[in-house]
Amino acid sequence: MAEVFSSEVFLAYSTYSTIVLLKMLLMGPLTAYFRVTRKVFVNPEDANAHGAKDEESKKMYLRTDPDVERVRRCHQNDLENIVPFVGIGLLYALSGPDLTTAVMHFRIFAASRVFHSIAYLVPLPQPSRGLSWIVGMGVTFSMVYRVLKAGVHL
């Protein structure tokens with residue numbers, strides 16, 4: 001077991017998984033920053049804590065904001081794509097792939113997710129965000145195929 005965790009493929013997987021998980025973790029504080037700076041909250045107690053004193057002022061705080069929603073959607077997209085990558089990437093790393101091929105998969109996925117967030121938050125014109133999503137999804141499906149191919153025992 002120690003050999004598996006010290007293999008170069010597993011170390012590469014650990015590195016790139018950590019990068020995308022950190023990127024995803026940072027989306028929470030970014031959402032909070034946008035909520036606080038725009039005074040946009042979804043819970044009455046949050047509105048009260050940030051200055052809403054009566055029902056009328058609470059209505060001004062309890063609303064949606066396009067910038068807050070954009071950050072939330074970007075975070076949601078991370079959850080939908082990074083979590084599967086981490087699970088499938090682990091199975092892929094444990095399946096004994098070639099180091100160069102594995103590192104290529106991990107790097108392309110990480111780069112596609114970072115670019116996806118930039119394209120979402122700036123925002124950059126489409127199809128930049130869509131293409132980065134497709135690239136990341138393609139990497140994940142490529143790893144799925146390789147894991148299934150390596151594990152087929154008929």
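**Paired charges and the helices around them**

Mentor: Asp78 and Arg113 are both buried, where buried means under 20% relative accessible area, exposed means over 50%, and partly exposed covers the range in between (1.4 Å probe, protein chains only). This is a predicted model, so local features need pLDDT of at least 70 and side-chain atom pairs count only at pLDDT 80 or more, while totals for chains, interfaces and linings use all residues. Residues are numbered from 1 along each chain as its sequence is written, and side-chain values use heavy atoms, with hydrogens and water left out.

Asp78 and Arg113 form a salt bridge whose closest N and O atoms are 2.8 Å apart. The term requires a side-chain nitrogen of Lys or Arg within 4 Å of a carboxyl oxygen of Asp or Glu. Asp78 sits in helix H5 and Arg113 in helix H6, so this pair links distant parts of the chain, 35 residues apart. Helices here are DSSP runs (H or I, at least four residues), as strands are (E, at least two), and they are numbered from the N terminus. Asp78 is counted as buried because its relative accessibility is 0%.

Another of them joins the side chains of Asp67 and Arg38, at 3.1 Å from N to O. Asp67 is in helix H5 and Arg38 in helix H2, so this pair ties together parts that are 29 residues apart in sequence. These two side chains are partly exposed: the relative accessible area is 35% for Asp67, and the relative accessibility is 29% for Arg38.

H5 has 29 residues and spans 42 Å from first to last C-alpha, close to the 42 Å expected at 1.5 Å a residue; the expected span is 1.5 Å times one less than the number of residues. H6, with 23 residues, reaches 33 Å, close to its expected 33 Å. The buried residues of H5 include Asn77, Asp78, Asn81, Ile82 and Phe85, and the buried residues of H5 pack against H2, H6 and H7. In H6 the buried set includes His105, Phe109, Ser112, Arg113 and His116, and the buried residues of H6 pack against H2, H5 and H7.

A nonpolar core is a set of buried Ala, Val, Leu, Ile, Met, Phe, Trp, Tyr and Cys residues joined through side-chain atoms within 4.5 Å. The largest such core has 18 residues, of which Val20, Phe85, Phe106, Phe109 and Met143 touch the most other members. H2, H5 (66-94), H6 (99-121) and H7 (128-151) are the elements that give two or more residues to this core. H2 provides its largest share, 7 residues. A separate core of 7 residues has Met27, Val40, Val71 and Tyr120 among its members.

Phe109, in helix H6, is buried because its relative accessibility is 0%. Leaving out residues up to four places away in sequence, Phe109 is in contact (heavy atoms within 4.5 Å) with Val20, Asn81, Ile82, Phe85, Gly136, Val139 and Thr140. The C-alpha atoms of Phe109 and Val139 are 6.2 Å apart, although 30 residues separate the two along the chain. With the same exclusion of neighbours within four places, the contacts of Phe106 include Tyr13, Tyr16, Phe85, Tyr92 and Met143.

The peptide bond from Val122 to Pro123 is cis, with omega near -20°, and Pro123 is placed in the loop between H6 and H7. A cis peptide bond also joins Gln126 to Pro127, with omega about 15°, and Pro127 lies in the loop between H6 and H7 as well.
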